Amino acid sequence: MSETLQTSDVAASDAGVLAQTAIAVRAAGSALRERFGDVVRYQTREELMRALAVNDDTALDILRPRLTSLRPEAGWVEDELDGGALPPGEWWVVDPAEGNVNHLHALPEWAVTATLVRDNQPVLTAVHLPLTGETYTALTGAGAHVDGRPLHVSQTTDLALSVVATSQARPDEDEKVVRRVGTSITAMLFDALVVRTAVPATLHLTNVAAGRIDAFWQFAGARADLLPGALLVTEAGGQISDAQGRPWTPQSESFLAAAPGVHAKAVATLSR
């Protein structure tokens, strides 16, 4: 079999896996939507952590068997807060309740994500927003879509006319990172039109891919936060890098995704 045919076969296989992955994240999202409702005030951090774990387990009970059946040899990333490079081969990077804290506080910004990573490169991803019913998908070389409609990043070229966003990487972040986030927000408040700050990262990145937001940046961060959006943005025509404009990898200490017309200007602002 020629290399061209082998490549074609892999692409076709990945497309089939993506279709089934989208079905899986919708099913998990439906289960979490049934749990969504009134705000519950937890008295201790331990109570809150247990409630977060119940949400995770609810979705994982659906996702794990379905995704494992699609790629039985693929590894599984157990902790959605982990960062850094993965060993060679295929891995499922899943956030069963991206924006879990929002879910528990009856806020609408949460999702279910599943990304297949091959040799540290995301090759397909599905992001489902249960409250809107939208499912964002991307496949390397095949573009990014929302419910089958193609996604395209913004054509904006002026940072002063741009809506930009950032996200807290994780609770209990290192003080150096927290201060760097604060400094970057101040810089963007001077240079951009509007600065949005909220969690989770993935929802900002779906908006970058859809052209609603012109740039998103974050310092530190976890693989599950950034890999789905990185693939969505690049397949929608955007650029990703670290905050200094260097190539981004899961080991990078910062992340920037932007429309091509404002990427260099965002780098200049974040590098001040």
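A residue counts as partly exposed when its relative accessible area lies between the under 20% of buried residues and the over 50% of exposed ones. In this predicted model, D119 has a relative accessibility of 47% and therefore counts as partly exposed. D119 is placed in the loop between strand 3 and strand 4. Its backbone phi is near 50°, a positive value in a residue other than glycine. D147 likewise has a positive phi, near 50°, and is not a glycine. D147 sits in the loop between strand 6 and strand 7 (149–150). With a relative accessible area of 38%, D147 is partly exposed. Most residues other than glycine have a negative phi, and most peptide bonds are trans. P200 belongs to the loop between strand 9 (194–197) and helix 5.

The largest nonpolar core of the model contains 33 residues. Within this core, the residues with the most contacts are L151, F216, L232 and F255. At least two core residues come from each of strand 2 (90–98), strand 3 (111–118), strand 4 (121–129), strand 5 (134–139), strand 6 (143–146), helix 5 (201–209), helix 6 and strand 12 (254–258). Helix 6 gives the most, with seven residues. For L232, the contacts beyond four places in sequence are T125, V127, Y136, T137, A138, A144, L151, T206 and A209. Apart from this core lies another, of 24 residues, which includes L18, L63, W92 and W110.

Helix 5 and helix 6 pack against each other with their axes 8 Å apart and at an angle of about 5°. Angles under 35 degrees count as roughly parallel, so helix 5 is roughly parallel to helix 6. On the side of helix 5, the contact is formed by A201, T202, L205, T206, V208 and A209. These meet A224, D225, L226, G229, A230, L232 and V233 in helix 6. By class, the residues of this contact divide into nine nonpolar, three polar and one charged. T202, found in helix 5, has a relative accessibility of 0% and so counts as buried. Leaving out residues up to four places away in sequence, T202 touches E98, T113, V127, A224 and D225.

R223 lies in helix 6, which spans residues 223–235. The relative accessible area of R223 is 7%, and R223 is therefore buried. Its contacts, not counting residues up to four places away in sequence, are V77, D82, G83, G84, A85, L86, V93, P228 and P250.

The crossing in which helix 4 passes helix 7 is right-handed. S184, A187, M188 and D191 in helix 4 meet A266, T269 and L270 in helix 7. The contact of helix 4 with helix 7 has four nonpolar, two polar and one charged residues. L189 is also placed in helix 4. At 56% relative accessibility, L189 counts as exposed, because the limit for that class is over 50%. The C-alpha atoms of L189 and A160 are separated by 9.7 Å, the two residues being 29 apart along the chain.

In strand 12, S254 has a relative accessibility of 1% and thus counts as buried. Apart from residues up to four places away in sequence, S254 touches R180, Q218, F219, A220, S241, D242, A243, Q244 and W248. The C-alpha atoms of S254 and P122 are 18 Å apart, and the residues are 132 apart in sequence.

Key: Residues numbered from 1 in each chain as written. Predicted model: local features only at pLDDT ≥ 70, side-chain atom pairs only at ≥ 80, totals over all residues. Heavy atoms only, no water. Helix = DSSP H or I, 4+ residues; strand = E, 2+ residues; numbered from the N terminus. Buried < 20%, exposed > 50% of the residue type's maximum accessible area, 1.4 Å probe, protein only. Contact = heavy atoms within 4.5 Å. Left-handed = near helix turned anticlockwise from the far one by under 90°. Nonpolar A, V, L, I, M, F, W, Y, C, P; charged D, E, K, R; others polar. Core = buried A, V, L, I, M, F, W, Y, C linked by side-chain atoms within 4.5 Å. Axes fitted to C-alpha atoms, helices over the stretch in contact; angles between N-to-C directions. Parallel < 35°, antiparallel > 145°, perpendicular 65-115°, else oblique.
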